Amino acid sequence: MERTYVMFKPDCLERGLLGRILSRFEEKGLRLVAMKMLRITPDLSRQHYAEHVEKPFYPSLEEFITASPVVATVFEGPEVIRVVREMLGATSGLKAAAGTIRGDFSSSRQMNLVHASDSPESAAREIAIYFKPAEILSWDPSLACWLQAPGEG
Ligand code: CMP
């Protein structure tokens, strides 16, 4: 069982797409185990995007990510890090395949609606930035037996 950090960005909330995009993950059968709404500060942005701070696009990224609230979540499931990244599609909405979330809803490289961890190491780091262990709720939805056969998860 893996966990991944998934963050619905300011453009997602400003455009009123949170419910529709969250539904895609629910419909896929991914298990939501943590959720909170917050406003990202410049300090938090530098912590989250540490690997991008020196890049030319970082000032614009910080302005965007701090402009409106975000919704921070953790999803749990087998291979969930790869599964969510594939559901999102390529970073740029212009390059993302039709049928992916960015391919269907975004035309931007920066305003790409949702962030998701790209590896187990990033997932552990990002989850720890946004959530205390007690805020992550492991639970067994009663429908789970209709989402995967025994032994698959
Ligand atoms: P995300 O998956 O959150 O990871 C880093 C973010 O920086 C990315 O989504 C985009 O929002 C943004 N980003 C990545 N590359 C560029 C770029 N070349 N120009 C502007 N923004 C970018």
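Okay, let's start at the ligand: around it sit Lys-9, Tyr-49, His-52, Phe-57, Leu-61, Arg-102, Arg-109, Gln-110, Asn-112 and His-115, where being around it means having a heavy atom within 4 Å. Keep in mind that this is a predicted model, where local features need pLDDT of at least 70, side-chain atom pairs count only at pLDDT 80 or more, and totals for chains, interfaces and linings use all residues. Numbering runs from 1 along each chain as its sequence is written, and side-chain values use heavy atoms, with hydrogens and water left out.

By class, that shell has 3 nonpolar, 4 polar and 3 charged residues. Here Ala, Val, Leu, Ile, Met, Phe, Trp, Tyr, Cys and Pro are nonpolar, Asp, Glu, Lys and Arg charged, and the others, Gly among them, polar.

Now the oxygens. A ligand oxygen is 2.6 Å from a side-chain N or O of Tyr-49, one is 2.9 Å from such an atom of His-115, and one is 3.1 Å from such an atom of Asn-112. The ligand alone exposes 450 Å², and the protein buries 84% of that (Shrake-Rupley, 1.4 Å probe).

Next, backbone angles. Most residues other than glycine have a negative phi. Leu-113 has a positive one, about 75 degrees, in the loop between α6 (101-105) and β4 (114-116). Is Leu-113 buried or exposed? Buried, at 0% relative accessible area; the cut-offs are under 20% for buried, over 50% for exposed, and partly exposed in between, with a 1.4 Å probe and protein chains only.

Glu-79 also has a positive phi, near 55 degrees, but Glu-79 is partly exposed at 46%.

Notes. A polar contact is a pair of N or O atoms within 3.5 Å; within protein, one must be able to donate a hydrogen and the other to accept it, and residues adjacent in sequence count only if both atoms are side-chain atoms. Helices (H or I, at least four residues) and strands (E, at least two) are DSSP runs, numbered from the N terminus.
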